[in-house]
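Please keep the structure open while you read.

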Amino acid sequence: MSRFVRFSFRDSGLPPFSCEFGRRGRVLDLPLIAWLTVIWVMLWSTLTWANAVTGVLVAIAVCLAFPLPRVDLGLRLHPWGILCLAGYLLYDMYTSAVKVTRQIFSGLPHHAAVIGVPLRCRSDLMLAATAVAVSNVPGGSIIEVRRATATLFLHVLDADRPEELEAARRSVWRLEELTVRAFGTRDEIARVAEPPPPTQPAAGRPAP
């Protein structure tokens, strides 16, 4: 049976949440089968064991008759990493919101700047996920994502000193690491364990 059906949690060569069925190696997407089963039960308007089992069989038959191409988006789910990312985002959003509020009510002038932060992972998925995570934190906003060099261009509000610009870069690299440890592959996790890439001297410039 183990040779006839292989699951992704035992075989890293398969896409996540999938199984390989039969000797021909037909790959079945388990979330798709579950969703087709739900639709089948909703069509019958009654949740019974017979409808559920029949829905699973029909979903498998449809997936075998109309197979989808094997696509691996590079997404992995690491529960502990997801918890760490969520906790850090909540903490960072709170502290950043307090800092921005103090800047607004202090009445003192602050200089904004645009900085370029090169990332260690170059995959489109991790680049987009890191950009979304950074955009959720007050005090900085993504104005450009340069895919060719895996660089995020970030507008920061507090740029009075070079140390503050460097702190903003470290915050982006920290979010990249947590994002990759939550959703990345083993190779990407190994990449974020390395030191951050060097930044250009003119990467931070005053915003107009």
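1. Phe17, Leu30, Leu75, Leu77, Ile82 and Leu125 make a nonpolar patch of about 450 Å². A patch takes residues with over 30% relative accessible area and no salt bridge, joining nonpolar side chains (Val, Leu, Ile, Met, Phe, Trp, Tyr) within 5 Å and like charges within 9 Å. A salt bridge is a side-chain nitrogen of Lys or Arg within 4 Å of a carboxyl oxygen of Asp or Glu. Areas come from the Shrake-Rupley method with a 1.4 Å probe, and for residues only the protein chains shown count as cover.

2. A word on the model. It is predicted, so local features need pLDDT of at least 70 and side-chain atom pairs count only at pLDDT 80 or more, while totals for chains, interfaces and linings use all residues. Residues are numbered from 1 along each chain as its sequence is written, and side-chain values use heavy atoms, leaving out hydrogens and water.

3. Helices (H or I, at least four residues) and strands (E, at least two) are DSSP runs numbered from the N terminus. Leucine 30 counts as partly exposed because its relative accessibility is 33%; buried means under 20%, exposed over 50%, and partly exposed in between (1.4 Å probe, protein chains only).

4. Isoleucine 39 also lies in helix 1. With 33% relative accessibility, isoleucine 39 is partly exposed. Between isoleucine 39 and alanine 59 there are 9.7 Å in space, C-alpha to C-alpha, and 20 residues in sequence.

5. Which residues of helix 2 are buried? They are Asn51, Ala52, Gly55, Ala59 and Cys63. Seen down the helix axis, these buried residues fall within an arc of 100°, so they line one face of helix 2. The arc is taken from the directions from the helix axis to the C-beta atoms.

6. Turned away from that buried side, the other face of helix 2 carries the exposed residues Trp49, Ala50, Leu57 and Ala65. What covers the buried residues includes strand 3 (26–29) and helix 1.

7. Finally, the whole chain. It has 6 helices and 7 strands, in the order β-β-β-α-α-α-β-α-β-β-α-α-β along the sequence. Of its 208 residues, 33% count as buried. Among contacts (heavy atoms within 4.5 Å) between residues at least 6 apart in sequence, 64% join residues at least 24 apart.
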